Amino acid sequence: MSVELRSVTKTFGTVRALLGVSATFEAGKVSMVLGPNGSGKSTLLAIVGTLSRPTSGRVSHGDLGASRAKVRQALGWVGHDALCYADLSGRENIELAARLHGLDAGEAFESARARFDLGAFAERPFRTYSRGQRQRVALARALVQAPRLLLLDEPTTGLDVAGVARLRDVVREEAARGSTVVVVTHDEGFARDTGDSRLVLQRGKVVEEA
Ligand code: ADP
Ligand code: MG
């Protein structure tokens, strides 16, 4: 399903976070969104994921139509917050996400363990994890139900070279499976190596599209 934004504006009181943004994010592609701090990247991602409504303009999600519930069911999201319970282990967080999607928890964890190389740390509470371990579990949790729409906000932050390489493989695999993948990043190298297209925001406007 492609996601289309037409003339989307978002204001928070007097703050104009997005101003007339039009963009298409295609299924089976990795779309990169770049831009300086405060340029509206996270706001754009939240609108694509229906977590926030535009002040004006339109957003469409292909065959999912206008149903926010359907979009959210199809959504995998990793934002600034990992959306994991701090006192549960990585395993428990992944198993819980699987059960919420009606999937077999044990199978979901085994496949996540292999894909994200989750070691013994997966049995410890999430709050004890290093940044890289958090990121792996957060991604595994988000991917548990094979989302059709995958949205990642600054996913390379704090990752080492091996972590970034793994992330690139995972993102490419998800797009190859047909998912619509949108990644907000500061990392020009990651955008170049991993993206199929790029959109650059500045002060809420699109200043470059390729
Ligand atoms: P980016 O992710 O590119 O750093 P954001 O999309 O988070 O930028 O923010 C864009 C602008 O909108 C910023 O000026 C930010 O302070 C403002 N903003 C974002 N969310 C809110 C909010 N809930 N209330 C008020 N202002 C907000
Ligand atoms: Mg942001």
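This is a predicted model: local features need pLDDT of at least 70, side-chain atom pairs count only at pLDDT 80 or more; totals for chains, interfaces and linings use all residues.

Entry 1. I looked up the handedness of the crossing of H3 and H5, and I note it as right-handed.

Entry 2. The axes of H3 and H5 come within 9 Å and cross at roughly 15°. Because angles under 35 degrees count as roughly parallel, I recorded H3 as roughly parallel to H5.

Entry 3. I listed the residues that meet. H3 contributes Gly90, Asn93, Ile94 and Ala97, and H5 contributes Val137, Ala140 and Arg141. Sorted by class, this contact of H3 with H5 comprises four nonpolar residues, two polar and one charged.

Entry 4. I turned to H3 and helix H4, which spans residues 105–116. Their axes come within 8 Å, and I noted a crossing angle of roughly 125°. That angle makes H3 oblique to H4. The crossing of H3 and H4 is right-handed.

Entry 5. For the contact of H3 with H4, I wrote down Arg91, Ile94, Glu95, Ala98 and Arg99 on the H3 side. On the H4 side I found Ala105, Gly106, Ala108, Phe109, Ala112 and Arg113. The class count is six nonpolar, one polar and four charged. Ile94 of H3 is listed in the contact with H4 and also meets H5.

Entry 6. Which elements each supply at least two residues of the lining of the largest pocket? I found helix H2 (68–73), strand S5 (75–78), helix H3 (90–100) and helix H5 (131–142). H3 gives the most, with four residues.

Entry 7. Finally, I sorted the lining of the largest pocket by class: nine residues are nonpolar, five polar and two charged.

Methods. Residues are numbered from 1 along each chain as its sequence is written. Chains are lettered from A and ligands numbered from 1 in the order in which they are written. Side-chain values use heavy atoms; hydrogens and water are left out. Ala, Val, Leu, Ile, Met, Phe, Trp, Tyr, Cys and Pro count as nonpolar, Asp, Glu, Lys and Arg as charged, and the others, Gly among them, as polar. Axes are lines fitted to C-alpha atoms, for helices over the stretch in contact, and angles run from 0 to 180 degrees between N-to-C directions. Angles under 35 degrees count as roughly parallel, over 145 as roughly antiparallel, 65 to 115 as roughly perpendicular and the rest as oblique. A crossing is left-handed if the near helix is turned anticlockwise from the far one by less than a right angle, and right-handed if clockwise. Contact means heavy atoms within 4.5 Å.
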